[in-house]
Amino acid sequence: MSRPEEEPEAGPAVNANGEEQRPPKKKGKHDKPKPWDHDGIDHWAIKPFTKDENPTGLLEESSFATLFPKYREKHLREVWPMVTRALKDHGIACELNLVEGSMTVKTTRKTYDPYIIMKARDLIKLLARSVPAQQALKVLDDDMQCDIIKIGGLVRNKEKFTKRRQRLIGPNGATLKALELLTGCYILVQGTTVSAMGPFKGLKILRRIAEDCIKNIHPIYHIKELMIKRELAKDPALAEENWQRFLPNFKKKNVQRKKPKKIREKKVYTPFPPPIQPSKVDLALESGEYFMSQEQKQARAKAQQEERQAAKVEERQRQREAAFIAPKEGKMAAVGGGDGNNNGDVKALAAKLKKNLGQRAEREGLRKGDVDVSRYLADGNAEGSKKKKRKSGDSDSGDGDKKKRKKEKKEKKEPKKKRKDSYSE
């Protein structure tokens, strides 16, 4: 009997180019019901690490140490028993060294959580940065993280750094309180660092705000943005939309800076170094003083000193004599001189005086012809400029008028005296 011929096995399909063609994949082939996974489970929730998950403990010892300032010594001595009790529950040993000024934490055989040593390291860092012990102990919880932001090296000028750090705190701590409410973090500004405790999301926002504040961006802009985002998060319709159109867009303003008082002129760059200045020995050789004896040097110095003293004495004498020198008088044009210009000025002055006197005479009831203008001028050639001698008759008449006036005054005074006498009687 002949054996039936075996049918060849069906190989993989080959396309026109001669390449193997794989069969199409079936969707949902491995989708099987998973009883341990359902919609009610929060995959982002942090589960507490219990002792049952690591009953054997750790194989190696880990330790961290940090220094603390001198002014924190008294506070740390008071709160250290509380810190020791809190770390003992997690199987962490701690040590406070007051001689070296350091704090040390290390794992023990009872430590079951491998990450708790990192939390203990953050705890001693916060205690060294002046965070209160009761607040710092919260960092041991799984949902609490910490971040120490260094802001000291962002600005060189110390005055600018102090002002911008105060801007981060705000008046009476108002800005800091607003940031704490919006980010859900505890914030403490101490020296050149900002200590923060809270969730990861809040710490990330807070680090950006603190660094921008020191870089001269006011935190109020970030606060406004956070307030708008918090209101937008309440609306479920905007959960999958872009919020950029709702956020404020602050434009930069070009504020003119104060100009420096002293503007230094830029020197022209030269690749050659400046010429070497001569030393004292070179100057002494040049003047010949190097070859002089000690007596000659002393005599030369004495002669120079006498010259300086003589110059000072002469200067002081000149200053004293300057007080007795009369100041120079300005040149005044002589009235009535030989120049034609002076005569013109005198005539103009005479015409002006004549006009003024004419107006005055009209007010006093006199005629213009009765006023003699020449007596107001100092011109020796003008007519009537010579002083007329008073006649003896005129002087006698003037004396008689004076005597009459005196008698009238006495007569007026006498009745008053009589009245006084009568009152006295």
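Six bridges join S6 to S8, and the two strands run antiparallel. The model is predicted: local features need pLDDT of at least 70, side-chain atom pairs count only at pLDDT 80 or more, and totals for chains, interfaces and linings use all residues. Residues are numbered from 1 along each chain as its sequence is written, and side-chain values use heavy atoms, with hydrogens and water left out.

**Exercise 1. Work out the strand order of the sheet that holds S6, S7 and S8.**

Step 1. Strands (E, at least two residues) and helices (H or I, at least four) are DSSP runs, numbered from the N terminus. Two strands pair if DSSP finds at least two bridges between them.

Step 2. Take the pairs. S6 and S8 share six bridges. Asp147 stands opposite Ala196 in S8. S7 is joined to S8 (residues 193–198) by five bridges, again antiparallel. Here Gln190 faces Thr193, and Tyr186 has Met197 as its bridge partner.

Step 3. Read off the order. The sheet is open, with three strands in the order S6-S8-S7 and antiparallel pairing. S6 (145–150) and S7 (186–190) each have a single partner strand, so one side of each is left without a neighbour in the sheet. Neighbouring strands are turned by 15° against each other on average, direction ignored.

Step 4. Check the turn. S7 and S8 form a hairpin with two residues between them. Gly191 in that turn has a positive phi of about 65°.

**Exercise 2. Decide whether the faces of S8 are covered or open.**

Step 1. Set the cut-offs. Buried means under 20% relative accessible area, exposed over 50%, and partly exposed in between (1.4 Å probe, protein chains only).

Step 2. Count. Six of the six residues of S8 are buried.

Step 3. Find packing helices. A contact is a pair of heavy atoms within 4.5 Å. H6 lies across S6, S7 and S8, at about 10° to S6. Angles run from 0 to 180 degrees between N-to-C directions, and axes are lines fitted to C-alpha atoms, for helices over the stretch in contact.

**Exercise 3. Describe how H6 packs against H7.**

Step 1. Get the geometry. H6 (residues 200–214) and H7 (residues 219–233) pack at about 150°, with axes 9 Å apart. That makes H6 roughly antiparallel to H7, since over 145 degrees counts as roughly antiparallel, under 35 as roughly parallel, 65 to 115 as roughly perpendicular and the rest as oblique.

Step 2. List the residues. Ile205, Arg208, Ile209, Asp212 and Cys213 of H6 meet Pro219, His222 and Leu226 of H7.

Step 3. Sort them. Five are nonpolar, one is polar and two are charged. Nonpolar covers Ala, Val, Leu, Ile, Met, Phe, Trp, Tyr, Cys and Pro; charged covers Asp, Glu, Lys and Arg; the others, Gly among them, are polar.
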